[in-house]
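I set out to record, entry by entry, what I looked up in this structure. The notes follow in the order in which I took them.

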Amino acid sequence: MSELPNCPQCNSEYTYNDGSLYVCPECGHEWSMDSTIENEDSSGIKDANGTILQDGDTVTVIKDLKVKGSSTVVKVGTKIKNIRLVDGDHDIDCKISGIGAMKLKSAFVKKI
């Protein structure tokens, strides 16, 4: 008997496959067989578009960001190279040319 994954929403063990989808009879959630592989690895940090970020990625800023305690602004389209992912509310450590070391939220960047 093949081992089926638990439901990603309610963690039910009573899942079954229906063609190319897994189905949970308890909550009604359906997901593709390919997405279970992504879900195991998707515990990482995601950008504004849902792309998983990794250390060393290059990202761009999608919104003007005011720098707290300063009058400078990180403009839309600013390219940030070699990011470092950290735990916490601001989950990206980086250096921005002209501004210096900063922490950013991943919701305000997109991967290039």
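**Entry 1: strand partners**

I began with arginine 84, which stands opposite aspartate 93 in β9. The model is a predicted one, in which I required pLDDT of at least 70 for local features and 80 or more for side-chain atom pairs, whereas totals for chains, interfaces and linings use all residues. Residues are numbered from 1 along each chain as its sequence is written, and side-chain values use heavy atoms, with hydrogens and water left out. I took strands (E, at least two residues) and helices (H or I, at least four) as DSSP runs numbered from the N terminus. I counted two strands as paired if DSSP finds at least two bridges between them.

Next I looked up leucine 85, and found isoleucine 92 of β9 opposite. β8 and β9 (residues 92–96) pair in the antiparallel sense over 2 bridges. The two strands form a hairpin with 6 residues between them, and glycine 88 in the turn has a positive phi of about 125°.

**Entry 2: the sheet**

I then followed β9 to its other partner. β9 and β10 run antiparallel and are joined by 5 bridges. Aspartate 93 has lysine 103 as its bridge partner in β10, and lysine 95 has alanine 101. In this hairpin 3 residues lie between the strands, and glycine 98 takes a positive phi near 90°.

Taken together, 3 strands form an open sheet in the order β8-β9-β10, with antiparallel pairing. β8 (84–85) and β10 (100–104) are the edge strands, each with a single partner, so one side of each is left without a neighbour in the sheet. I also checked the burial of β9: 4 of its 5 residues are buried, where buried means under 20% relative accessible area, exposed over 50% and partly exposed in between (1.4 Å probe, protein chains only).

**Entry 3: the largest pocket**

Which residues line the largest pocket? I listed Lys63, Asp64, Leu65, Lys66, Val67, Lys68, His90, Met102, Lys103, Leu104, Lys105 and Phe108. On a 1 Å grid over the protein atoms alone, a pocket is an open set of points where a 1.4 Å probe fits, with protein on both sides within 12 Å along at least five of seven lines; lining residues have an atom within 4 Å of a point. The volume is about 250 Å³, taken as the space filled by probe spheres set on the points, which are joined across faces, edges and corners.

β5 (65–66) and β10 each supply at least two lining residues; the largest share, 3 residues, comes from β10. The lining divides into 5 nonpolar, 1 polar and 6 charged residues. Here Ala, Val, Leu, Ile, Met, Phe, Trp, Tyr, Cys and Pro count as nonpolar, Asp, Glu, Lys and Arg as charged, and the others, Gly among them, as polar.

**Entry 4: the whole chain**

I recorded 1 helix and 11 strands for the protein. The radius of gyration over C-alpha atoms is 19 Å, well over the 13 Å that the globule rule gives for 112 residues, so the protein is more spread out than a compact globule. That rule is 2.2 Å times the number of residues to the power 0.38. The C-alpha trace spans about 60 × 20 × 20 Å along its principal axes. Buried residues make up 29% of the 112.

**Entry 5: glycine 19**

Is glycine 19 buried or exposed? At 63% relative accessibility, glycine 19 counts as exposed. Glycine 19 lies in the loop between β1 (16–18) and β2 (21–23).
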